[in-house]
Amino acid sequence: MAQTSVKARLQPILSNLYHVTDNPNGIVDMGSAENHIMTKDVSDFANSKIQTTPTTFNYGEGPWGSKRLRTAMANHMNKYFHPFSDIHPDELVFANGITSLCESFGYAAGSSGDGILISRPSYQAFPANFGAKAGLKCVFVPFGSTDQFSVSAIANYEKALLEARERGISVRALLLCNPHNPLGRCYLLATIKAVMQLCDKYSLHLFADEVYALSVFDSSSSSSAVPFTSVLSFDSTPYISPDYLHVVYGMSKDFAAGGLRLGCLYSRNKALMEAISAVSQFSWSGPVSQLFAAQMLEDEEWKEGFLEQSRGVLKERYEKCTGILDEHGIEYSPGSNAGFFVWTNLHPFLDLSSCKDEWAAEDALADKMLENGLYITKGSSLQAEQAGWFRIIFTQEDDVLEEGFGRLFNLIGAKKVEA
Ligand SMILES: Cc1ncc(COP(=O)(O)O)c(C=O)c1O
């Protein structure tokens, strides 16, 4: 297998996590995109509200998700995504995470060697998710100085598609990660419509990953931040056929419950839904997880409070993290109002003298971080266009963030700048 081993990369980190008293020499995780603060509320909810029955431990109604869960999710999305047409439970298929749904979609949407357009930078797992087994190739789209959230970005997608064709890659789909990981920004409605028109022009499936849909916060530092607009929230039929529009969503981010391993795909394309269901036994979501999720989604009062608290936490953590970066004169990508990350420019701290190029210097800095007990994802893993950018996860408690930034600043020699 030519695939990079995720276990080899992550096990040394995840099995040795920092804890202020239990493991002070462990690794500070500012790399995994999890909302570590809200997980306590999820655990409290589970401990107080969830009752299993013997049937919970059966195989359940099948891998695609129980009627109860699909109904609860359809109601949830109808309330929070403001869809133009109501979402029906039969238009949802569940799997053990969006990760698996990317793979199933990869099998269904094309043949091995076909392509899917994805903007740069990008969530690091997409190449493996679409490619490892289904063989779909990620065709990453660079933007240079063009704002990828603006309508002008469409020309970049089209150029990348035509260049891929010249290399013999038949592009079948376009992935729109909205809100965007790692940039933490949302797409303008006009851009979404233009993306749909491009998809229509080239018969591309639009695969919208909206997993951070409700992890959007008021950002006082980004007055121009764009609110989240779901691809489902307006009449898209003038721009794209419903058969080509698909959305993935799940429990991992907005519900701080990645460990449930639950994601769903919404589509009105019956052939696609059948193709995905035909292989869904390989990505079966467990009925215990399904019960937890259904209960969380159904409890409107708890959910409302949880989501509101989560938005407050995200705003506060984002401001804390960017405040620390500001104090040290470190640049980060502006305009964020979503997700758990700050896209941070550590280029000035790369040691270019001992490396063959900037990318090697970025690798060297990431390696040194790990040696010094700090895990932050480097830009090359996220298809950054320029070396030196890192994705810092801010959804950690104070002691973890302070320890992590302390280790980082020690390593790179960053000092507080004079006010
Ligand atoms: C954009 C995006 N999509 C999907 C996933 C993974 O989702 P799941 O846990 O449902 O497999 C992540 C996790 O980091 C993500 O950032």
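The C-alpha centres of domain 1 and domain 2 sit 25 Å apart. Keep in mind that this is a predicted model. Where do the domains run? Domain 1 comes in two pieces, 6-40 and 302-412, and domain 2 covers 54-299.

Now the interface. On the domain 1 side, 31 residues make contact, and they meet 31 residues of domain 2. Which elements of domain 1 supply at least two residues each? Those are α10, residues 300-327, and β9, residues 341-345. The biggest giver on that side is α10, with nine residues. By class, the domain 1 side has twelve nonpolar, 13 polar and six charged residues.

Next, two helix pairs. Start with α3, residues 67-80, and α9, residues 287-298. Their axes are 9 Å apart, and the packing angle is about 35 degrees. The crossing is left-handed. From α3, the contact uses R68, L69, A72, M73 and H76. From α9, it uses Q290, A293, A294, L297 and E298. That gives six nonpolar, two polar and two charged residues.

How do α6 and α7 lie relative to each other? I154, Y157 and E158 of α6 meet A194, V195 and L198 of α7. Five of these contact residues are nonpolar, none is polar and one is charged.

That's the tour. Happy to take questions.

Note on methods:
Residues are numbered from 1 along each chain as its sequence is written. This is a predicted model: local features need pLDDT of at least 70, side-chain atom pairs count only at pLDDT 80 or more; totals for chains, interfaces and linings use all residues. Axes are lines fitted to C-alpha atoms, for helices over the stretch in contact, and angles run from 0 to 180 degrees between N-to-C directions. Helices (H or I, at least four residues) and strands (E, at least two) are DSSP runs, numbered from the N terminus. A crossing is left-handed if the near helix is turned anticlockwise from the far one by less than a right angle, and right-handed if clockwise. Two residues are in contact if their C-beta atoms, placed from the backbone, lie within 7 Å. Ala, Val, Leu, Ile, Met, Phe, Trp, Tyr, Cys and Pro count as nonpolar, Asp, Glu, Lys and Arg as charged, and the others, Gly among them, as polar. Domain bounds come from an automatic or database domain assignment.
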